[in-house]
Amino acid sequence: MEALKAPWLKYYGNTPHSIDYPEKTMYEMIEDSARRYPGNIAYEFMGKKTDYRTFLARIQATAKALWAFGIRKGDRVTIAMPNSPQAVDAFYALNRIGAIPTMIHPLSAPGEIAFYLNASKSKAILTLDQFYPKVAEILPALEHPVKVLIARIRDELKAPLRYAFIMTKGRKLPKLPKSDKYTFWNDFMDAGAAQDTQLPPIDGKAREGAVILYSGGTTGTTKGILLSNLNFNALALQTAAMSGYTDLHGMKMLSVMPIFHGFGLGIGIHTALVVGATCILVPQFTISTYAKLLKKKKPNLIPGVPTLFEALLRADKLENANLSFLRGVFSGGDSLSIELKTKVDKFLKEHNSPVPIREGYGTTECVTASCLTPLGYYREGSIGVPFPDTYYKIVKPGTTDEVPNGEEGEIVLSGPTVMLGYVDNPEETAMTLREHADGRIWLHTGDLGTMDADGFVYFRQRIKRMIVTSGYNVYPSQLENIIDGHEKVLYSCVIGVKDPYKMQKVKAYVVLRPGVQPSDEVKREILKYCEKHIARYAMPYDIEFREELPKTLVGKVAYRKLEEEANAQHVA
């Protein structure tokens with residue numbers, strides 16, 4: 001296999017150029033952490049702290065309960081949970097016995113839950129009591145029987161808070177009596193503890209399938225992504241190395257990104273636990289609790305999508321907050337506009353943060369991040385440089401031919417976090433994972449970008465997310481960068497609307513900064529500003545003000561919803 005170019009290595013600082021990845025399961029990596037740091041806090045949930053020693057015992061007890069529940073090696077179990085102790089325990093317990101957790105959003109619609117259960121052929125589903133009615137609705141129509149395991153948030157709360165929860169939010173939850181249609185978590189754990197049988201030895205392999213996550217992939221249709229133990233463990237070790245810190249144990253990670261998402265699971269949970277850090281589990285994020293969370297918990301590390309950091313600018317009661325406890329602020333999951341980065345960095349500096357926001361990039365097909373801005377080497381508009389042992393290149397779309405530095409093409413990458421493939425979808429897998437002339441397997445991301453001579457990567461756009469107006473290509477993220485630069489704009493979203501003459505015309509949706517009221521005058525002001533920075537053919541024909549823009553399940557702006565809405569109105 002020929003040597004690959006890696007000009008970015010000279011910007012690594014104290015990050016190793018290569019890492020030795022142990023042939024271990026995810027569970028074994030957590031077991032190692034528990035042995036090294038038994039008294040460290042593994043996770044904190046609503047004020048209740050669990051140290052690594054206790055965490056390991058909980059995983060083992062949950063694994064025993066799963067075995068008693070009939071789950072065996074290779075079985076798939078769906079986890080439809082918010083960030084909570086039961087979800088984390090179950091994830092690693094399934095890995096301990098060689099079963100495969102399938103992660104889905106707990107707020108999925110009933111039809112989506114049915115799709116996921118059928119597609120994964122899950123033997124069981126773990127969800128919260130409040131979501132059971134949706135599961136019950138689809139159980140009779142499933143292609144195979146599925147056992148239902150129900151957890152309750154109140155069971156993980158300390159006594160005073162548990163009582164308060166029962167008297168407030170608990171009153172709104174469905175009253176579920178004992179039933180043979182489902183098993184409560186506590187009864188499930190008791191049944192496991194009553195078993196005399198010992199768990200079988202660990203026989204999971206680093207390179208075998210261990211987790212299924214879901215993504216639209218490069219074609220926009222929902223697919224299960226099969227990821228290995230090595231994929232997750234390599235990600236954890238790479239992320240820790242790229243952080244710029246030689247030792248992260250004892251640091252606190254704000255685990256606010258959801259556990260069903262590669263970013264939330266791979267970095268917010270697994271990376272933190274592999275290095276002996278603490279996960280501050282946040283089951284439901286709201287702007288109203290943001291300030292309280294930051295000031296009370298003082299997390300050192302915050303991974304999030306751009307909307308999480310945009311919320312930072314809007315959070316109440318942060319005027320005089322001292323954020324000197326921050327050590328790493330990482331943005332991924334969506335394109336961070338240059339202007340939003342500028343605003344967030346200014347906010348962080350004004351509040352004594354010693355670090356700016358660092359942008360990364362990745363896809364669920366490689367768990368999550370595979371590229372990050374190196375510490376101290378920011379380049380405007382860049383998403384950073386590849387992780388150790390990960391290689392990037394830019395190829396002509398639809399081919400495996402590399403293009404010269406600075407020329408736009410499809411971003412492709414190769415490394416130890418690249419997925420095993422799409423579940424039961426060999427055609428899509430073959431389109432996405434391709435062997436190049438160098439003998440390596442490369443993941444074709446479906447994203448457009450460029451790379452400079454030093455190996456810094458620049459994301460342009462999803463190949464599919466491009467507006468073609470009068471024969472010109474218009475990239476929404478570029479226009480959003482410009483619009484976001486206006487002093488009265490908080491953030492924006494640009495879409496293409498069908499047009500009989502131009503094929504598509506450009507429309508912008510804008511959320512104004514707090515205190516700025518929408519008006520025709522403000523609209524004229526922004527359009528006049530745009531005229532100075534945007535070519536005439538790419539100018540928005542309209543700006544629509546909104547208090548909020550719709551978000552996807554992982555917090556990205558749901559531009560497809562805006563496209564559907566605008567095009568439906570246009571046809572009408």
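Reply: Start with helix α14, residues 476–484. Its buried residues are Pro-476, Ser-477, Leu-479, Glu-480, Ile-483 and Asp-484. Seen down the axis of α14, these buried residues fall within an arc of 160°, so they line one face of the helix. The arc is that of the directions from the helix axis to the C-beta atoms. Buried means under 20% relative accessible area, exposed means over 50%, and partly exposed lies in between (1.4 Å probe, protein chains only). Helices (H or I, at least four residues) and strands (E, at least two) are DSSP runs, numbered from the N terminus.

A note on the source. This is a predicted model: local features need pLDDT of at least 70, side-chain atom pairs count only at pLDDT 80 or more, and totals for chains, interfaces and linings use all residues. Residues are numbered from 1 along each chain as its sequence is written, and side-chain values use heavy atoms, with hydrogens and water left out.

Asp-484 sits in helix α14. Asp-484 counts as buried because its relative accessibility is 5%.

Now the charge pairs. A salt bridge is a side-chain nitrogen of Lys or Arg within 4 Å of a carboxyl oxygen of Asp or Glu. By this rule there are 31 salt bridges.

One of them joins Asp-424 and Lys-121, at 3.3 Å from N to O. Asp-424 lies in the loop between β19 (421–422) and α13 (426–432), and Lys-121 in the loop between α4 (110–120) and β5 (124–128), so the pair ties together parts 303 residues apart in sequence. Asp-424 is exposed, at 59% relative accessible area.

Glu-350 and Lys-346 also form a salt bridge, with their closest N and O atoms 2.8 Å apart. They are four residues apart in helix α12 (residues 338–350), so about one helical turn separates them. Both Glu-350 and Lys-346 are exposed.

A further salt bridge links Asp-454 and Arg-379, at 2.7 Å from N to O. This pair links distant parts of the chain, 75 residues apart: Asp-454 is in the loop between β21 (441–451) and β22 (457–462), and Arg-379 in the loop between β15 (369–372) and β16 (385–386). Arg-379 counts as partly exposed, because its relative accessibility is 25%. Salt bridges that share partners join Lys-10, Arg-379, Asp-452 and Asp-454 into one network.
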